[in-house]
Structure formats: C-alpha cells, structure tokens
Amino acid sequence: MSTRYDELIERLRESALPERDAPPEFASYLGKVRLHAYKVTDGDVQALKEAGYSEDEIFEHTVSTAVAAGLERLEAGLRAL
C-alpha cells in the first residue's frame, strides 16, 4: 500500500542508526526505549552519562531507536490493512 508519506518514511528509515551500532552499555536502555518508552527514567539516562556518554550521543541513539520502532509499528499496521 502506498501513502503520501512514503518519501518521508524512506528518509527516516535511512537515517535511523541500527541498534547494533550502539555501544553495549546502551543495550538495556535502548530495549526499554524500543518496547516501553514510557518506562524510561532520568536514572536510565544518568547511568549512561556516568558511563561517559554525552547527552548528544544518548539523544541520537534514543531518537534513532524510537524512529525505528515507530516504523516497525507503521509497517505492521499497513500490512494489516
């Protein structure tokens, strides 16, 4: 099924960093972002900062993972139509 958003969706897909490119310390955090974003706490982010990661690095991995998860859900919804 084609939508008017296909070009935007493709650009988002291309820009999303695969989780496998994230440092191992991000695994638990990104799993939470992907499956249960509402459960992410300041403590989760602080733990990554204390491990030496910058807010920019954390932000980039967070947004990338959230976009990828959203696209997976969109594709599932479109398949259901």
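The dialogue below goes through confidence, a helix, a surface patch and salt bridges.

Q: What is the average pLDDT of the protein?
A: This is a predicted model, and pLDDT gives the predictor's confidence in each residue, from 0 to 100. Here the average is 89, and 94% of the residues score at least 70.

Q: Where is confidence lowest, and where is it highest?
A: The lowest mean, 84, belongs to α1, and the highest, 98, to α3.

Q: How many residues does helix α4 have, and how far does it reach?
A: Helix α4 runs over residues 55–80, which is 26 residues. From its first C-alpha to its last it reaches 37 Å, close to the 38 Å expected at 1.5 Å a residue.

Q: Which residues of α4 are buried?
A: A residue is called buried when its relative accessible area is under 20%. In α4 that holds for Ile58, His61, Thr62, Ser64, Thr65, Ala69 and Leu71.

Q: What covers the buried residues of α4?
A: The cover includes α1 (6–15), α2 (27–36) and α3 (42–50).

Q: Which residues make the nonpolar surface patch?
A: Tyr5, Leu8 and Leu12 make a patch of about 260 Å². Of these, take Leu8 as an example: Leu8 is found in helix α1, and its relative accessibility of 44% makes it partly exposed.

Q: How many salt bridges does a search of the whole structure find?
A: Side chains of opposite charge can pair when their charged atoms come close. The search finds four salt bridges.

Q: Why are Arg13 and Glu10 separated by about one helical turn?
A: An α-helix has 3.6 residues a turn, so residues three or four places apart point the same way. Arg13 and Glu10 are three residues apart in helix α1, so about one helical turn separates them. They form a salt bridge, with the closest N and O atoms 3.1 Å apart. Arg13, at 33% relative accessibility, is partly exposed, and Glu10, at 36%, is partly exposed.

Q: Which side chain meets that of Glu75 in a salt bridge?
A: Arg13 does, at 2.2 Å from N to O. Glu75 lies in helix α4 and Arg13 in helix α1, so the pair ties together parts that are 62 residues apart in sequence.

Conventions: Residues are numbered from 1 along each chain as its sequence is written. This is a predicted model: local features need pLDDT of at least 70, side-chain atom pairs count only at pLDDT 80 or more; totals for chains, interfaces and linings use all residues. Side-chain values use heavy atoms; hydrogens and water are left out. Helices (H or I, at least four residues) and strands (E, at least two) are DSSP runs, numbered from the N terminus. The expected span of a helix is 1.5 Å times one less than its number of residues. Buried means under 20% relative accessible area, exposed over 50%, partly exposed in between (1.4 Å probe, protein chains only). Contact means heavy atoms within 4.5 Å. Patches are made of residues with over 30% relative accessible area and no salt bridge: like charges are joined within 9 Å, nonpolar side chains (Val, Leu, Ile, Met, Phe, Trp, Tyr) within 5 Å. Accessible areas come from the Shrake-Rupley method with a 1.4 Å probe; for residues, only the protein chains shown count as cover.
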